[in-house]
Amino acid sequence: MNLMKKIIFAILAAVAASAANADVSSYRDILATLELARSAKAAKQLAAQAEMYASVESFADLRLWYLRNTQPKIFVEIETASAATDMGYFRLDYNEAGKLGKLRMLREEFGVK
């Protein structure tokens, strides 16, 4: 029996108990059960988002490696640029950017797909 079925049965049991005996503690049980269901759903959504972000970041890592090895002229330009030039400022921003930011910068500056 999965977690959602257990939660639904707990809610139904709490509702049935509250109908038979309308005291405050049963309402607290209902609210606690609903809060548990809400937090379980939120935790599942956060785990899915974290997994998606990790896969996107892995793809960005692979893409940056591929670009570095197939388009070395771009990276030589970036790495040898003096800090006093626009390209040098680009290099400084590039080095501080995250993986996805680096891909965005390469696409905007060099038209890299």
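This is a predicted model: local features need pLDDT of at least 70, side-chain atom pairs count only at pLDDT 80 or more; totals for chains, interfaces and linings use all residues.
Residues are numbered from 1 along each chain as its sequence is written, and side-chain values use heavy atoms, with hydrogens and water left out.

Now to the overall layout. The protein has 5 helices and 0 strands, and reading along the sequence gives the pattern α-α-α-α-α; helices here are DSSP runs of H or I with at least four residues, strands are runs of E with at least two, and the numbering starts from the N terminus. Of the 113 residues of the protein, 22% count as buried, and by buried I mean under 20% relative accessible area, with exposed being over 50% and partly exposed lying in between, using a 1.4 Å probe and protein chains only. If we take the contacts between residues at least 6 apart in sequence, 44% of them join residues at least 24 apart.

Which residues touch the most other members of the largest nonpolar core? Among its 14 residues they are Leu67, Ile74, Phe75, Ile78, Phe90, Tyr94 and Leu106, so the residue I opened with is one of them. The elements that give two or more residues to this core are α2 (24–70), α3 (72–80), α4 (86–96) and α5 (99–110). A nonpolar core, to be careful about the term, is a set of buried Ala, Val, Leu, Ile, Met, Phe, Trp, Tyr and Cys residues joined through side-chain atoms within 4.5 Å.

Next, the aromatic rings. Rings of Phe, Tyr and Trp (its six-membered ring) pair if their centres lie within 6.5 Å, and planes under 30 degrees apart count as stacked, over 60 as edge-to-face and the rest as tilted. By this rule there are 3 aromatic pairs. The rings of Phe90 and Tyr94 have centres 6.0 Å apart and planes at 25 degrees, so this pair is stacked. Both residues lie in helix α4, 4 residues apart, which is about one turn of the helix, and Phe90 and Tyr94 are both buried. Phe90 also pairs with Phe110, and because their centres are 5.8 Å apart with planes at 85 degrees, that pair is edge-to-face. Since Phe90 lies in helix α4 and Phe110 in helix α5, this second pair ties together parts that are 20 residues apart in sequence. Phe90 has a relative accessible area of 9% and is therefore buried, whereas Phe110, at 26%, is partly exposed. Taken together, ring pairs link Phe75, Phe90, Tyr94 and Phe110 into a cluster.

What lies over the face of Tyr94? The residue is Lys102, at 5.1 Å from the ring centre, and a charge sits over a ring if NZ of Lys or CZ of Arg is within 6 Å of the ring centre and within 35 degrees of the ring normal. Lys102 lies in helix α5 and, not counting residues up to four places away in sequence, touches Leu64, Tyr94, Asn95 and Ala97. Lys102 is buried yet has no salt bridge, and the nearest side chain of opposite charge, Asp61, is 7.9 Å away; Lys and Arg count as positive and Asp and Glu as negative, while His and the chain ends are not counted.

That brings me to the salt bridges, each being a side-chain nitrogen of Lys or Arg within 4 Å of a carboxyl oxygen of Asp or Glu. By this rule the count is 4. One of them joins Arg68 and Glu79, whose closest N and O atoms are 2.6 Å apart, and this pair links distant parts of the chain, with Arg68 in helix α2 and Glu79 in helix α3, 11 residues apart. Arg68 is partly exposed at 37% relative accessibility, and Glu79 is partly exposed at 45%. Another is formed by Glu35 and Arg38, with the closest N and O atoms 3.0 Å apart, and both of these residues lie in helix α2, 3 residues apart.

Key: Contact means heavy atoms within 4.5 Å.
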